Amino acid sequence: MNNITLIGMPGSGKSTIGVLLAKSLGFGFIDTDLVIQQQQGVLLQQVLDRVGTEAFLDLEADAIAGVVCDRCVIAPGGSVVCREKGIRHLKDISTVVYLDIPCGVLEQRIQNMGSRGIAFQPGETLADVYRYRAPLYRRYADLIVDGDQRSLEASLSAVLQALIGV
């Protein structure tokens with residue numbers, strides 16, 4: 001497989017580290033949240049507000065299942081693991097790396113949960129979303145990397161080290 005997919009919670013650094021990883025490897029970069037925004041013609045939060053969480057998850061899975069690429073780093077939305085269709089496609093076309101970040105760190109990083117385009121049910125907290133998704137990230141990951149490093153460079157290095165071992 002010539003592609004790498006970074007999965008993890010919102011705020012785990014998938015897009016930021018993904019761009020750095022793509023540059024380091026000479027790969028392309030695909031942020032599937034941006035793909036959805038382009039397809040829908042509005043911001044991700046507007047899509048969620050318009051169609052609701054469940055329909056959004058289906059739409060996201062369809063968009064991800066349509067990704068065709070070679071030598072790319074792919075950063076899907078954190079909810080990719082909520083629908084089998086999308087995550088199975090990514091596993092078929094890439095090595096899946098889970099950026100594991102403690103929930104407390106994510107809570108410090110994410111101050112705009114209601115406007116950031118995060119798929120969650122009304123009344124759910126970030127901790128609720130984390131408890132549901134963390135086991136799914138682990139299930140689908142080919143590699144698990146401690147994403148709570150002291151710097152972006154250290155996080156990138158941890159991902160590269162894990163990939164070297166593949």
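This is a predicted model: local features need pLDDT of at least 70, side-chain atom pairs count only at pLDDT 80 or more; totals for chains, interfaces and linings use all residues.

Residues are numbered from 1 along each chain as its sequence is written, and side-chain values use heavy atoms, with hydrogens and water left out.

Let me start with strand 1, residues 3-7, where five of the five residues are buried, buried being under 20% relative accessible area with a 1.4 Å probe and protein chains only. Helices (H or I, at least four residues) and strands (E, at least two) are DSSP runs, numbered from the N terminus. In a regular strand the side chains alternate between the two faces of the sheet. In strand 1 both faces are covered, with Asn3, Thr5 and Ile7 buried on one side and Ile4 and Leu6 buried on the other.

Which strands does strand 1 pair with, if pairing requires at least two DSSP bridges? Strand 1 pairs in the parallel sense with strand 4, residues 94-100, over five bridges, and two bridges join strand 1 to strand 3, residues 72-75, also in parallel. Isoleucine 4 has threonine 95 as its bridge partner in strand 4 and valine 73 as its bridge partner in strand 3.

Now to the helices: the axes of helix 4 (residues 53-65) and helix 5 (residues 84-93) come within 7 Å and cross at roughly 20 degrees, where axes are lines fitted to C-alpha atoms over the stretch in contact, and angles run from 0 to 180 degrees between N-to-C directions. That makes helix 4 roughly parallel to helix 5, a term for angles under 35 degrees. Ala61, Asp62, Ile64 and Ala65 in helix 4 meet Lys85, Gly86, His89 and Leu90 in helix 5, contact meaning heavy atoms within 4.5 Å.

Terms used:
Buried means under 20% relative accessible area, exposed over 50%, partly exposed in between (1.4 Å probe, protein chains only). Two strands pair if DSSP finds at least two bridges between them. Angles under 35 degrees count as roughly parallel, over 145 as roughly antiparallel, 65 to 115 as roughly perpendicular and the rest as oblique.
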